[in-house]
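Please keep the sequence and the structure in view while reading.

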Amino acid sequence: MSHRPAQIADVIRHAIAPMLLTEIEHPANSITSIVAVKVTPDLKHAIVWLAITPPEAVGVVYGRIRDAAKHLRFLLADHLHLPVMPDLRFRVDQSGGAVDGFNLLLNQIERERSVDPSEPE
């Protein structure tokens, strides 16, 4: 069994993450994170699993990411030097584990800010 799909998935994950910040307009106070990337053994397809919070932003953010998939694939070509670039498919992780973690962090930050009001926002 080849390790190549896993290696390419790792490169895609690290390359796409900053692109999601710079290339996709997000609603205020929303966070998008890559949960996992799976690449098919033939290297033709990559599924990027996303966690988007808050839940109200999922539709807007997911739509924008899906609409930008071809552009993100084009930008990804600078990071992956393959004869054929994998087709990117994005999916929202419905398990909630990553989103719950984000919400815990955001709540903790809010509590810390309310304790120390001198901290700049």
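Two strands are said to pair if DSSP finds at least two bridges between them. The model discussed here is predicted. The protein contains four helices and three strands, and along the sequence they follow the pattern α-β-β-α-α-β-α. Of its 121 residues, 35% count as buried.

**Strand pairing**

- Strands β1 and β2 pair in the antiparallel sense, over eight bridges.
- Strand β2, residues 45–53, also pairs with β3, in the parallel sense and over six bridges.
- One of the contacts involving β3 is the bridge between Ala46 and its partner Leu88.
- Five residues separate the strands in the hairpin of β1 and β2.

**The two faces of strand β3**

- Strand β3 covers residues 87–92, and its covered face is formed by Leu88, Phe90 and Val92.
- The uncovered face of β3 consists of Asp87, Arg89 and Arg91.
- Two residues of this uncovered face, Asp87 and Arg89, are joined through their side chains by a salt bridge, with 3.0 Å from N to O.
- The structure holds one salt bridge.
- Asp87 has a relative accessibility of 27% and therefore counts as partly exposed.
- Arg89 is likewise partly exposed, because its relative accessible area is 37%.

- Helix α1 runs over residues 4–22, and its 19 residues should span 27 Å at 1.5 Å a residue.
- A kink of about 25 degrees is found in α1 at Ile16, shortly before the proline Pro18.
- The buried residues of α1 include Ile8, Ile12, Ile16 and Leu20.
- Leu20 and Ile65 are 45 residues apart along the chain, yet their C-alpha atoms are separated by 7.7 Å.
- Ile65 belongs to helix α2, which comprises residues 58–67.
- Is Ile65 buried or exposed? Its relative accessibility is 0%, so Ile65 counts as buried.

**Loops and backbone details**

- Asn29 lies in the loop between α1 and β1.
- Although Asn29 is not a glycine, it has a positive phi of about 60 degrees.
- With a relative accessibility of 72%, Asn29 lies above the cut-off of 50% and therefore counts as exposed.
- Leu43 is placed in the loop between β1 and β2, and this residue, although not a glycine, has a positive phi of about 65 degrees.
- Which peptide bond is cis, with omega near 0 degrees? The bond from Thr53 to Pro54 is cis.

- Val35, Ile47 and Trp49 make a nonpolar surface patch of about 200 Å².
- Val35 is part of strand β1, which spans residues 31–39.
- Val35 counts as partly exposed because its relative accessibility is 30%.

Methods: Residues numbered from 1 in each chain as written. Predicted model: local features only at pLDDT ≥ 70, side-chain atom pairs only at ≥ 80, totals over all residues. Heavy atoms only, no water. Patch = residues over 30% accessible without salt bridge, like charges linked within 9 Å, V, L, I, M, F, W, Y side chains within 5 Å. Areas by Shrake-Rupley, 256 points an atom, 1.4 Å probe, with all protein chains shown as cover. Salt bridge = Lys/Arg side-chain N within 4 Å of Asp/Glu carboxyl O. Buried < 20%, exposed > 50% of the residue type's maximum accessible area, 1.4 Å probe, protein only. Expected span 1.5 Å × (residues − 1). Bend = angle between axes of the 7 residues up to and from the residue.
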